[in-house]
Amino acid sequence: MRASRAVRAGTRAVLPAVLLALAPLGCADPTGAPPAGPSPSPAGPSTAPVDPPAASVAPAAPGPPTAPGAPAAPVLPAPFGTAADALPAARLEVRGPAVTLELHVRVAEAPEDQARGLQGVEDLPEGTGMLFLFEEDHRGGFWMRDTLVPLDIAFLDGEGRVLAVAGMTPCVADPCPLTDPGVPYRAALEVGAGVLAGVAEGDLVTWERSGGR
């Protein structure tokens, strides 16, 4: 029994020595640096998203090529600030021996639009106007009631040839005077005063619709 107690006593004496020998392996560096060890592996696809290879990213689809001579986007007249801005638009040219003009106009075909015309327009933008189209030969004149800016008007036949040109001033008395060419016409063009200077009978007016309702 004494020998057993001696063995147990010897064992107790050896264990603290073993623990003391192993302790430094788990202690932090006294300088505060973390214990040396292998660098952590970078996160893989299971822990963080990974950008796909550049080859897997589809490039943006290019827009349709513009063919040489393709028509440009329609150019609309500058706004009048009235209901006339909702009318169809047209690109219009006037050609004659003494003049060549390019205008962007609104087109009035319905009787109610023709009756309204350019009424209420306070400042007619340069290069704009209104084209009145009739389904058949038309007789009668134009007046300037409730029209605030002076205008030039050209009356046209069915082929777009100029029949007559006149100037019109805002109406200040009732009844307003009429401007009548005295001949049947199929269209009339109203523009700002002075724009049709040099336009004469027989000059050709052509137009192409470019937008609107």
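# Worked exercises on a predicted model

The protein averages a pLDDT of 76, and 63% of the residues score at least 70. Over residues 1-67 the pLDDT is below 50, and beyond near neighbours in sequence this stretch has 3 contacts in the model. Where pLDDT is low, the predicted coordinates should not be read in detail. The structure is a predicted model, and the exercises below turn to individual residues.

## Exercise 1

Work out which parts of the chain are tied together by the salt bridge between E102 and R91, and state how accessible each partner is.

**Solution.** Begin with the distance: the closest N and O atoms of E102 and R91 are 3.3 Å apart, which is inside the 4 Å limit for a salt bridge.

## Exercise 2

Classify R95 and E93, which meet in a salt bridge, as buried, partly exposed or exposed.

**Solution.** The side chains of R95 and E93 come to 3.0 Å, N to O, in their salt bridge. R95 has a relative accessible area of 46%, and it is therefore partly exposed. E93 stands at 14%, and because buried means under 20%, E93 counts as buried.

## Exercise 3

Describe the salt bridge of D113 and R116 within its helix, and then say which residues are joined into a network by salt bridges that share partners.

**Solution.** D113 and R116 meet through their side chains at 3.2 Å, N to O. Both residues lie in helix α2 (residues 111-116), where they are 3 residues apart, about one turn of the helix. D113 is buried at 8% relative accessibility, whereas R116, at 35%, is partly exposed. As for the network, shared partners join R91, E93, R95 and E102 into one. The count for the model comes to 5 salt bridges.

## Exercise 4

Determine the handedness of the disulfide between C171 and C176, and compare the accessibility classes of the two cysteines.

**Solution.** The count of disulfides comes to 1, and this bond joins C171 to C176 with an S to S distance of 1.9 Å. The torsion about the S-S bond is about -95°, so the disulfide is left-handed. C171, at 23% relative accessibility, counts as partly exposed, while C176, with a relative accessible area of 9%, is buried.

## Exercise 5

**Solution.** A search of the whole structure finds 5 aromatic pairs. F132 lies in strand β3 (residues 128-138) and F142 in the loop between β3 and β4 (151-156), so the pair ties together parts that are 10 residues apart in sequence. Both F132 and F142 are buried.

## Exercise 6

Locate T179, decide whether this residue is buried or exposed, and list residues that T179 touches.

**Solution.** T179 is placed in the loop between β5 (162-168) and β6 (185-192). With a relative accessible area of 17%, T179 is buried. Not counting residues up to four places away in sequence, T179 touches G141, F142, I153, F155, A166 and M168.

Notes: Residues numbered from 1 in each chain as written. Predicted model: local features only at pLDDT ≥ 70, side-chain atom pairs only at ≥ 80, totals over all residues. Heavy atoms only, no water. Helix = DSSP H or I, 4+ residues; strand = E, 2+ residues; numbered from the N terminus. Buried < 20%, exposed > 50% of the residue type's maximum accessible area, 1.4 Å probe, protein only. Contact = heavy atoms within 4.5 Å. pLDDT = per-residue confidence, 0-100. Disulfide = S-S within 2.5 Å. Phe/Tyr/Trp six-rings, centres within 6.5 Å; stacked < 30°, edge-to-face > 60°.
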